[in-house]
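Please examine the sequence and the three-dimensional model shown below. The paragraphs that follow lead through selected side chains and the contacts between them.

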Amino acid sequence: VQLQASGGGLAQAGASLRLSCAASGNTFSRYSMGWFRQAPGRDREFVAAIRSSAGGGSTHYGDSVKGRFSISRDNRKNTAYLQMNGLKPEDTALYYCAAGGGVILSAIRTPTAYGYWGQGTLVTVSS
């Protein structure tokens, strides 16, 4: 699976952005999709995930984005999305999308559960 993330850019605090993650192949629906982010000097942080269709398609969020960000997927388009509302300067980071097969619920927030990663898209939020 090859992943291509897009949609990052510069935004003011309070604004919205939507990130997209396009996947190659025809098995997209079988993968759980996750978004992670990494700011300079910080560890990679879990942002959001949506489980595969077989996993029920449930959504999960990191505490820092809950209520502001929303993850979704369109299996017909092989694409996952991250809608980011109410952006804050602390959301500034490189955002990565990831795909994982057979990701169990207890590991949904763990980067090592995902076997495929996109190249990252930069989100910068100014105050």
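**Contacts of an aspartate, aromatic rings and a disulfide**

Residues up to four places away in sequence being left out, D74 touches F28, T79 and Y81, where contact means heavy atoms within 4.5 Å. This is a predicted model, in which local features need pLDDT of at least 70 and side-chain atom pairs count only at pLDDT 80 or more, while totals for chains, interfaces and linings use all residues. Residues are numbered from 1 along each chain as its sequence is written, and side-chain values use heavy atoms, with hydrogens and water left out.

D74 is located in strand 7; strands (E, at least two residues) and helices (H or I, at least four) are DSSP runs, numbered from the N terminus. With a relative accessible area of 14%, D74 is buried. The term buried stands for under 20% relative accessible area, exposed for over 50%, and partly exposed for what lies in between (1.4 Å probe, protein chains only). A polar atom of the D74 side chain lies 3.0 Å from the backbone nitrogen of R76.

Strand 7 covers residues 69-74 and also holds F69. The relative accessible area of F69 is 4%, so this residue is buried. Beyond its neighbours within four places in sequence, F69 is in contact with several residues, including R37, V47, Y61, L82 and Y95. Between F69 and Y95 there are 26 residues in sequence and 13 Å in space, C-alpha to C-alpha.

The next topic is the aromatic rings. A pair of aromatic rings is described by the distance of the centres and the angle of the planes. Rings of Phe, Tyr and Trp (its six-membered ring) pair if their centres lie within 6.5 Å; planes under 30 degrees apart count as stacked, over 60 as edge-to-face and the rest as tilted. The structure holds six aromatic pairs. Why is the pair of Y31 and Y116 edge-to-face? The ring centres of Y31 and Y116 are 5.8 Å apart and the planes stand at 90°, so the pair falls into that class. Because Y31 lies in strand 4 (residues 31-38) and Y116 in strand 10 (residues 116-117), the pair ties together parts that are 85 residues apart in sequence. Y31 counts as buried at 15% relative accessibility, whereas Y116, at 34%, counts as partly exposed.

F36 and W117 form a tilted pair, with 5.1 Å from centre to centre and 50° between the planes. F36 lies in strand 4 and W117 in strand 10, so this pair ties together parts 81 residues apart in sequence. F36 counts as buried at 0% relative accessibility, while W117 counts as partly exposed at 29%. Ring pairs also link F36, F46, Y96, Y114 and W117 into a cluster.

R44 sits over two of these rings. Its charged end lies over the ring of Y96, 4.2 Å from the centre, and R44 also lies over the face of W117, at 4.7 Å from the ring centre. A charge sits over a ring if NZ of Lys or CZ of Arg is within 6 Å of the ring centre and within 35 degrees of the ring normal.

How many disulfides are there? With a disulfide taken as a pair of cysteine sulfur atoms within 2.5 Å, the count comes to one. This disulfide joins C21 to C97, with 2.2 Å from S to S. The link of C21 and C97 is right-handed, with 65° about the S-S bond. C21 in strand 3 (residues 17-23) and C97 in strand 9 (residues 93-101) are 76 residues apart, and the pair links distant parts of the chain. Both C21 and C97 are buried.

How values were computed. A polar contact is a pair of N or O atoms within 3.5 Å; within protein, one must be able to donate a hydrogen and the other to accept it, and residues adjacent in sequence count only if both atoms are side-chain atoms.
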